[in-house]
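Here is a short tour for anyone meeting this model for the first time. Have a look at the sequence and the structure, then read on.

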Amino acid sequence: ANCARVLKQVMSWLRRRLRCIQLKQWKKPSRLHRRLKQLGYQPPFRHIRMQSWRNAASPLASLALPNTYLHNDLKLIDLAKV
């Protein structure tokens with residue numbers, strides 16, 4: 001069966017869920033901002049709610065936890081490529 005599109009959607013949801021969990025663990029926007037500064041991004045940064053599913057898809061969360069970090073450092077397997 002051809003299920004590449006479904007697997008891409010599942011991987012997108014999974015990456016967003018991992019970002020959501022990490023934001024909840026950081027608890028405060030200042031920790032997110034510290035991570036962005038470590039990666040070389042310059043302030044000012046927008047304040048976001050750390051407990052929100054919607055903000056897990058924000059550009060700030062994607063910059064702090066890029067897909068390469070999730071796949072290379074956390075060893076997340078991309079189901080669409082398997």
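Does Val 6 count as buried, partly exposed or exposed, and what is its relative accessibility? Val 6 counts as partly exposed, because its relative accessibility of 47% falls between the 20% limit for buried and the 50% limit for exposed. You'll find Val 6 in helix H1, which covers residues 4–26. Val 6 also belongs to a nonpolar patch on the surface, together with Val 10, Ile 77, Leu 79 and Val 82. Taken together, the five have about 470 Å² of accessible area.

**The overall picture**

Keep in mind that this is a predicted model. The chain has 4 helices and 0 strands, so if you read along the sequence the pattern is simply α-α-α-α. Its C-alpha atoms fill a box of roughly 45 × 25 × 20 Å along the principal axes. Of the 82 residues, 28% count as buried.

There is a record to go with part of the chain. An unreviewed UniProt entry places the feature "domain: Group II intron maturase-specific" at residues 2–38. In the model, that span is 89% helix and 0% strand, and its end C-alpha atoms lie 41 Å apart.

**Charge on the surface**

Now for a patch of another kind. Lys 27, Lys 28, Arg 31 and Arg 34 gather on the surface as a patch of positive charge. Arg 31 is part of helix H2, residues 29–38, and with a relative accessible area of 34% it is partly exposed. Lys 27 lies in the loop between H1 and H2, and at 59% relative accessibility it counts as exposed.

Most residues other than glycine have a negative phi, and most peptide bonds are trans. With that in mind, a few spots in this chain deserve a second look. Lys 27 has a phi near 65 degrees, a positive value in a residue other than glycine. Lys 75 isn't a glycine either, yet its phi is positive at about 60 degrees. Lys 75 sits in the segment after helix H4 (67–73), and it is exposed, with a relative accessible area of 63%.

Then there are the prolines. The peptide bond from Pro 43 to Pro 44 is cis, with omega near 15 degrees. Pro 44 is in the loop between H2 and helix H3 (59–64).

**Buried spots in loops**

Where does Ile 48 lie? Ile 48 is in the loop between H2 and H3. Ile 48 counts as buried, because its relative accessibility is 7% and the limit for buried is under 20%. The C-alpha atoms of Ile 48 and Gln 9 are separated by 25 Å, with the two residues 39 apart along the chain.

Leu 65 is in the loop between H3 and H4, and at 5% relative accessibility it counts as buried. Leu 65 and Lys 75 are 10 residues apart along the chain, and their C-alpha atoms are separated by 13 Å.

Here are the accessibility values side by side:

| Residue | Relative accessibility | Class |
|---|---|---|
| Leu 65 | 5% | buried |
| Ile 48 | 7% | buried |
| Arg 31 | 34% | partly exposed |
| Val 6 | 47% | partly exposed |
| Lys 27 | 59% | exposed |
| Lys 75 | 63% | exposed |

Terms used. Residues are numbered from 1 along each chain as its sequence is written. This is a predicted model: local features need pLDDT of at least 70, side-chain atom pairs count only at pLDDT 80 or more; totals for chains, interfaces and linings use all residues. Side-chain values use heavy atoms; hydrogens and water are left out. Patches are made of residues with over 30% relative accessible area and no salt bridge: like charges are joined within 9 Å, nonpolar side chains (Val, Leu, Ile, Met, Phe, Trp, Tyr) within 5 Å. Accessible areas come from the Shrake-Rupley method with a 1.4 Å probe; for residues, only the protein chains shown count as cover. A salt bridge is a side-chain nitrogen of Lys or Arg within 4 Å of a carboxyl oxygen of Asp or Glu. Lys and Arg count as positive and Asp and Glu as negative; His and the chain ends are not counted. The place of a charge is taken as NZ of Lys, CZ of Arg, CG of Asp or CD of Glu. Helices (H or I, at least four residues) and strands (E, at least two) are DSSP runs, numbered from the N terminus. Buried means under 20% relative accessible area, exposed over 50%, partly exposed in between (1.4 Å probe, protein chains only). UniProt positions are given in the numbering used here, feature names are shortened, and annotations may be inferred rather than shown by experiment.
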